[in-house]
Amino acid sequence: MTLHKKFNNWSLFVFYVPAFMVCAIFSAFINTSGQRGNLIRNDFYSNKEAKILSDSLDGLLSRIKQSFGGAEINLTLGVVKDGEVFLKKNCGFSNPETKTLFSDHTQIYLASTSKSLTGTLAAVLDHKGIIKLDHTLADYFPDFHFDDKNIHPEKITIRSLMTHTHGIKNNDLVVWTAFIGHKGAEQMMALLKNYSTALPDQAFYYSNLGPVIYSLIVEKQTGKPWQEVMNEQVFQPLNMQKTTAYISKANPRYISNVIDQSEGRLKSVFDKADNSMSAAGGHVSTVNDLLKYLQFFISGGSSVPGLLSKQEIDFSVSAIVPQKNRYQSYERFGYGLGWEQSIFNGEQLVSRLGGYSGISSHLSFMKDHKIGIVVLSNKKGMEALAHLVANYVYNSMLSKGNKNEIVKENLASLKRNFDSDMLETKEIREAKELHILTDKKYAGFYNGAEKSGTMKINKTGKVSWGNLKGQLLMLSDSTGIIDFKTMLRSFSVKKENNILVGVYSNDRYFRR
């Protein structure tokens, strides 16, 4: 599928600092208390076993670098074992434009890994009797009705919202809350009412929609923004001080940008704002905070007594509903409150993964072995890198004999991702090389109404669509692509009686 035909293209960025050299330098200055000279000493290992694994990871990262022609690697990772931090490792830059290295301070966008955090909020509010998992949408919005009469609010439970079994589809609400930037609860409720359609059944159907609807219920029941409720009910009790659902409250110095060097010049891109941080993909966090989060689940809640019982935690991470698919060596068989259950190399794995425009987040644990892993990266074409590294760590710590075979399998997957993104970058470059100027008559405001909002195109082809800013690249006198950096959209002109009346961008129509 070509780039301009794809809606969910999150890739954007290539590499900058020699990861193997950075890791090696860091490992030579192991100390978690500060700095020595100009080097940030933020690698940590707890014992000889962890040191051996750290050295082995240096070799793996060097091998990956060589496999991609010297392309550099940026990532940060943490491992918890038996209730203690076992290993932390930081390689490369979180933002090479500002020369900011990945460190324990780095706050990185979690994308869909946020669904686990929201699922934990759902468990906590159920525990406290504030929003019960077995209650329905009709219980919390008794006067609300869908335009599609095949959708019945009284049959949609909170549990079904969190497990993607609610039986509704609404791409418009997802687009507003994840990309354009929504205008508040009233608008979101209108989008939910007017543009939702019933799916054939209430089987597992993964999307952002369920957690987004849940956030509206949270706000109605508590009288507070869902982001504040998350902080009060989850982040503060778990001492996750650097985790937030507000971009405006993150430290701009330490936010990991997505880095684009694909066109020969370095650019940092991050287009998220408070109104496009949804409960399905709307948190930034650090490795340190996520290790605390994993330890809470691995310990069955004993690390923070009273927040949830062991039974409630076991339920949250269990296969509440079935699913069946394979991803990155994981045979997925179930889905809980934001957590996926799978088999990896003969072991049961609980995980939540996320990705956006080259940023990739991996959060997982094996409760039987009391091991949890966080890996976060920010490279174009390297979305599978975080999972490859996590897989290698598990296989190394469990002394799996087929470790190298799985590395080979994961490297092949990583190469496919990388090649796909490079083809997309090539398509952008070829569009630029056509040198087709945007016809000035296309400049103006285009109204997509309630469904899509307003798009503005200026005389040089600069495009503004809510939080998204991009460039229109013409492929002919009436077709092209809009490069929003974090996503690409097809573009075509609509005429009536040879008069311009609007434009299409993928499936969305904007009238002039």
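Start by selecting H2, where Ala50, Leu53, Ser54, Leu57, Asp58, Leu60, Leu61, Ser62, Ile64 and Lys65 are buried. Here "buried" means under 20% relative accessible area, "exposed" means over 50%, and "partly exposed" is in between (1.4 Å probe, protein chains only). Helices (H or I, at least four residues) and strands (E, at least two) are DSSP runs, numbered from the N terminus. As background, an α-helix has 3.6 residues a turn, so residues three or four places apart point the same way.

Before moving on, a word on what you have open: this is a predicted model, in which local features need pLDDT of at least 70 and side-chain atom pairs count only at pLDDT 80 or more, while totals for chains, interfaces and linings use all residues. Residues are numbered from 1 along each chain as its sequence is written, and side-chain values use heavy atoms, with hydrogens and water left out.

**Still on H2**

(The expected span is 1.5 Å times one less than the number of residues.) At the start of H2, pick Asn47: one of its side-chain oxygens comes to within 3.1 Å of the backbone nitrogen of Glu49. Just after the helix, click Gly69, which has a positive phi of about 65°.

Ala111 sits in the loop between strand S8 (108-109) and H3. Ala111 counts as buried because its relative accessibility is 4%. Which residues does Ala111 touch, not counting those up to four places away in sequence? Show Ala280, Gly281, Gly282, Gly354, Gly355 and Tyr356; contact means heavy atoms within 4.5 Å.

Now step into helix H3 (residues 114-127) and select Thr118. With 1% relative accessibility, Thr118 counts as buried. Leaving aside neighbours within four places in sequence, its contacts are Met162, Pro211, Tyr214, Met230, Ala279 and His283.

Jump to the loop between helix H9 (226-235) and strand S11 (258-260), and pick Ser256. Is Ser256 buried or exposed? Ser256 is buried, with a relative accessible area of 0%. Beyond neighbours within four places in sequence, Ser256 is in contact with several residues, including Ser94, Phe102, Phe270 and Asn378. A polar atom of the Ser256 side chain lies 3.5 Å from the backbone oxygen of Ser94. Ser268 is twelve residues from Ser256 along the chain, and their C-alpha atoms are separated by 9.3 Å.

**Two asparagines in loops**

Asn239 is also in the loop between H9 and S11. Though not a glycine, Asn239 has a positive phi of about 60°. Asn239 is partly exposed, with a relative accessible area of 36%. Next, find Asn506 in the loop between strand S26 (499-505) and strand S27 (508-511). Phi of Asn506 is near 55°, again a positive value in a residue other than glycine.

**Last stop: Leu475**

Finish in the loop between strand S23 (468-474) and strand S24 (479-483), where you'll find Leu475. Leu475 is partly exposed, at 34% relative accessible area.

Methods: A polar contact is a pair of N or O atoms within 3.5 Å; within protein, one must be able to donate a hydrogen and the other to accept it, and residues adjacent in sequence count only if both atoms are side-chain atoms.
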